[in-house]
Amino acid sequence: MTEPIKEIAPARSVEAVYTGGTVRWSANGQKLFSTCTNVVRVIDLEDNSASYTIGDSEDELRITCTAVDKNRNRLLVAYNNQVIREYTIPLDPSTTKPELARTWKTMHTAPILVLEFNEEGNLLATGSADHVVKIWNLVEQQCTHTLKGPSVVSAVVFGKNEKLVVGYLEGQLHLYNIMKGAPKKHVNTWNSHNSHITALLQVPDSRVVIALSRDQTMSIHETETQETLRVLPLYESIESGAIGHNGNLFTVGEEGVVKEWVIETAKLVRKKRISSAQIDDISYDVVSNRFLAVSAEQNLIILDFESLKITRQIVGFHDEIYSCCLLDKNEGFMAVGSNTSEIRLYNTKTLDCQLIRGHTESVLSVVSPSWDTTLLASCSKDNSIIIWRLVTTSEDSATLIPLLAATGHANTVTALAISNSAKAPFLASVSSDCTIKLWGLGDLGKMKDVKIDAERDLVEQLPKLTCSSTMVAHGKDVNCIDISESDALIATGGMDKLVKLWQIDTQKMQLGIGGTLSGHRRGVGDVKFAKHSHKLASCSGDMTIRIWNIAEKACLQTISGHSCAVFRVIFARNDTQLVSADSAGIIKIWTIKTADCESTIEGHTDKVWSLSKNRDESEFVTAGTDGRIVVWKDVTEEKQKIEDEKRREAIEQDQTLTNLLSQKRYSDALIFALTLAKPFCAFKVISALMSEDSSEELSASIRRLDMRQIEVLLQFCVKWNTNSRTSPVAQRVFYEIIHIIEPDRLVSMPGAYGYIESLLPYTQRHMDRLDRAKQDVSLFDFVWRQMRSAV
């Protein structure tokens, strides 16, 4: 593409779908209802484009918990002002969105932390931080029980024969009899745990309730006899549990492992690690025979029941994104480095995501060479670099296989760049230790897969790259790096306000000093070589972009226009344009020759850390601190077509109006002008009608108008009446209207009173002006007569 970019627009984006709280299954097991701050996001597991939002994102209230009844036709949402909203879920949510059925205030004095339906769905238990559980009869719409406990309510479950078991933050378990007319509500207390009760589960077809706790044990209780059957060790702080269709217990906790237990004996049947972080919740959907696990890093993980294999991963919320990179020859995948240790691998079409474990701290940069888009290099705050290969497992699925690791930097590896040619491939890295390192990549095609132990550090198990050259690059942290198209030069930028150039000897794989570019007044955020010219662009915290001549090491141009620090810049359109992004989330498109800003877009709400483009520059990808990934499409051509079409339509309309006027078909011309809502055209037509010999022409034309056209004409009159030059036309039109249309019919028109009120003050002003003119004429006539008589 060679045409200049004038405007870009979002084509698709990765937004937050889960920010903590509860996630519920839909009736058919194909959708999830997840909490996202102040709205509920409905995630379609089969089709991402069918996902939607329940609630108002502008609402200041925050959701504390949600619940879906057994029949999955009602969704209850509790907010931090202790109000509950009930939404009706249609049988087919893809065609009809859930609607708000009712809202009620619970009278709790602290946020509601637990919502739980009974098996029939006619009772609801609300547990709060005010130590109180309330039972609500949803049929009669009233509170039937208020049960005061010893501490914050953490779990609730309805038992058989109208029993209720409540778990508390300090480890107590209370058994309540909620039968109508029961002489005693609180019937028993179990002190089997000494820590937070995280989950209560009703064993199907029994009167047994299981309690899970952070004290690494589970207790089994009989609600009818009120006895504790057994207390069994689980050797892990448990966060949540679920009972599968085989009757076994599945638990998750701080280890990030799903474990299956035989309930009666606490015998461990199987286990599988699915996350490097703690797992906060697990739930089972019997319809789809799948588990949903929610990690502490706010990722949603779908598991197959039989194999515990991960079938789908959804990133609930990107805390902060540092880097994005398109992979594969068709750019069908995108690697994302963020404020977590995993690399997020997205399918760019379906936006399905996989979490690739390897680093132990935040991933700061991901890059891929143009000569092999299946290769990926990543660097992290753990001071390491990993080389990966993209392996497609199916048409829409792929994964990253680790090949090599590089260690040697003494501090955070901040940025990477890979050579543009495969003849002598190399990797260059910069770090907060102020150094630049050169790594020869050799023949990666001959690399064999390494057997990886998931329990051990990945970097320690991989073959190591050898550093061929190391140089102290800057006096402070090095932020960025780029390699010239010929692989002869490397540019780096640092917090010492300097851009440094480095020569590369690809035969010996050695670095040499190439020069220094000074001029920025703040730290340099990014550097980029032009592809087809000897130019270099750099951006800085001093809010400017500088274009440098590499050969002369001189600044050719300084581009100003950003109002805050510029973090990223790239060349576009054969090096004739720049795209830049700053710390306020603003994206700008520049034409280098004139230094003109072609477009300014509010792309993000916070810092933009990543700015990249696809091969043909038809799309750009940005991401940053707000956790959003936005794919921008070049819409210059589309906008131009729309503008050309509007211009063509305007010319055609003007020609039609001119033809009608030349043919003296004034009535048709007036209808045409009002239909197109063109005030000036209507003014021209009415002026022509008023200049006709017959005074009935205007009246006859207005009689042909319908009420909608009369309303448009009144709107025009209000505008015309504000100007003394056009007011005669407005007054004449209004005169004709009030003589043609009955007063009652005119007043019944929407906004009629507003039109009249707008006309009155200016009409009075015009009347006063005419009175003064009349007086002036009379005075002039009197003076003239006196002068004539004197002569």
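Does Lys6 count as buried, exposed or partly exposed, and at what relative accessibility? At 39% relative accessibility, Lys6 counts as partly exposed, where buried means under 20% relative accessible area, exposed over 50%, and partly exposed in between, with a 1.4 Å probe and protein chains only.

1. Basis of the note. This is a predicted model, in which local features need pLDDT of at least 70 and side-chain atom pairs count only at pLDDT 80 or more, while totals for chains, interfaces and linings use all residues. Residues are numbered from 1 along each chain as its sequence is written, and side-chain values use heavy atoms, with hydrogens and water left out.

2. Salt bridge of Lys6. The side chain of Lys6 meets that of Glu598 in a salt bridge, at 3.2 Å from N to O; the term requires a side-chain nitrogen of Lys or Arg within 4 Å of a carboxyl oxygen of Asp or Glu. Because Glu598 lies in strand β53 (residues 596-602) and Lys6 in the segment before β1 (8-14), the pair ties together parts that are 592 residues apart in sequence. Glu598 is partly exposed, with a relative accessible area of 26%.

3. Other salt bridges. The structure holds 32 salt bridges, including one between Glu86 and Arg102, whose closest N and O atoms are 2.8 Å apart. Glu86 belongs to strand β8 (residues 83-88) and Arg102 to strand β9 (residues 99-105), so this pair links parts 16 residues apart in sequence; Glu86 counts as buried, at 7% relative accessibility. In the salt bridge of Asp526 with Lys528 the closest N and O atoms are 3.3 Å apart, and here Asp526 is buried, with a relative accessible area of 5%, whereas Lys528 is partly exposed, at 22%.

4. Sheet β34 to β37. Four strands, in the order β34-β35-β36-β37, form an open sheet with antiparallel pairing; strands are DSSP runs (E, at least two residues) numbered from the N terminus, and two of them pair if DSSP finds at least two bridges between them. β34 (363-367) and β37 (398-407) stand at the edges with a single partner strand each, so one side of each is left without a neighbour in the sheet. Neighbouring strands are turned by 25° against each other on average, direction ignored, the axes being lines fitted to C-alpha atoms. Five bridges join β35 (residues 375-380) to β36 (residues 384-392), and the partner of Leu376 in β36 is Trp388.

5. Sheet β38 to β41. A further open sheet of four strands has the order β38-β39-β40-β41, with antiparallel pairing, and its edge strands, β38 (413-418) and β41 (467-472), each pair on one side only. The twist averages 20° from one strand to the next. β38 and β39 (residues 426-431) pair over five bridges, with Ser429 in β39 as the bridge partner of Leu416.

6. Cavities. The count comes to three cavities of 30 Å³ or more, a cavity being a set of points on a 1 Å grid over the protein atoms alone where a 1.4 Å probe fits but cannot get out, with lining residues having an atom within 4 Å of a point. The largest cavity has a volume of about 50 Å³, and Arg12, Ser13, Val14, Met334, Thr348, Leu351, Ile629 and Val631 line it. β1 and β56 (629-634) are the elements that give two or more residues to this lining, and β1 gives the most, with three residues.

Note on methods. Axes fitted to C-alpha atoms, helices over the stretch in contact; angles between N-to-C directions. 1 Å grid on protein atoms, 1.4 Å probe; cavity = no way out; pocket = protein on both sides within 12 Å on 5 of 7 lines; lining within 4 Å. Points joined across faces, edges and corners; volume = space filled by probe spheres on them.
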